[in-house]
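Here is a short briefing on one structure.

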Amino acid sequence: MIALMAAEMHPRNYYAWGYLRWWIIKYPEVLENFGHCPITQSAMDLTPFGLPRLINTIIEWCLNHPSDVSGWAFLVWLIPGPDTSAGISLRLHGPFTTVARTILDRTNSLKLRNESVWVFLRTVMSSQDMPQDIRQAFIDVAKGVMESNTERAKSRSIARVALGWVEKY
């Protein structure tokens with residue numbers, strides 16, 4: 001996928017992600033066929049083609065580039081569905097709440113402390129549709145970072161701001 005290659009070559013490439021947004025809106029059938037190309041196929045990837053495969057691809061890209069806020073912003077746009085307009089509050093549904101849990105679990109296990117990851121997490125955790133158990137897991141992870149003596153001051157600050165955001169919204 002050309003947008004991912006452009007984002008790879010030029011970090012924080014909002015133009016590449018904007019192009020991908022435009023492409024999905026203009027040609028929604030791309031979601032139906034995503035993953036039918038030898039470049040994106042893997043014997044290990046059993047994800048159905050289409051939107052689930054695209055979401056998994058973007059999640060992996062973001063986790064491999066945790067400081068690239070433009071990739072995380074695209075994922076926030078993608079998970080509620082590409083037809084979501086900017087004026088509507090984030091509404092998660094179906095399997096997409098598991099995206100947030102997956103990112104939270106990987107963030108915790110890999111000890112990712114990049115602000116971009118935490119901005120993504122705080123945004124999806126503040127959704128009115130986020131199940132309470134997932135939101136509570138986020139709160140527990142954030143509090144753990146804030147209270148840890150081994151974390152850097154910047155990491156504790158990022159977690160504190162993210163937690164404050166979720167409590168406010």
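Where pLDDT is low, predicted coordinates should not be read in detail.

This is a predicted model, in which local features need pLDDT of at least 70 and side-chain atom pairs count only at pLDDT 80 or more, while totals for chains, interfaces and linings use all residues. Residues are numbered from 1 along each chain as its sequence is written, and side-chain values use heavy atoms, with hydrogens and water left out.

**Confidence**
- The chain has a mean pLDDT of 82, and 80% of its residues reach 70 or more.
- Confidence is lowest in helix α3 (residues 29–33), with a mean of 70. It is highest in helix α8 (residues 132–147), at 96.
- Helices here are DSSP runs (H or I, at least four residues), numbered from the N terminus.

**Helix pair α4 and α6**
- Helix α4 (residues 51–64) packs with helix α6 (residues 96–110) at about 20 degrees, and their axes are 12 Å apart.
- That angle makes α4 roughly parallel to α6 (under 35 degrees).
- From α4, the contact uses L51, I55, I59, E60 and L63; from α6, F96, V99, I103 and R106.

**Residue A100**
- A100 lies in helix α6.
- A100 is buried, at 0% relative accessible area (buried means under 20%, with a 1.4 Å probe, protein chains only).
- Beyond its neighbours within four places in sequence, A100 contacts L121, V124, M125 and M130.
- A100 and M130 are 30 residues apart in sequence, and 8.7 Å apart C-alpha to C-alpha.

Technical notes: Axes fitted to C-alpha atoms, helices over the stretch in contact; angles between N-to-C directions. Helix = DSSP H or I, 4+ residues; strand = E, 2+ residues; numbered from the N terminus. Parallel < 35°, antiparallel > 145°, perpendicular 65-115°, else oblique. Contact = heavy atoms within 4.5 Å. pLDDT = per-residue confidence, 0-100. Buried < 20%, exposed > 50% of the residue type's maximum accessible area, 1.4 Å probe, protein only.
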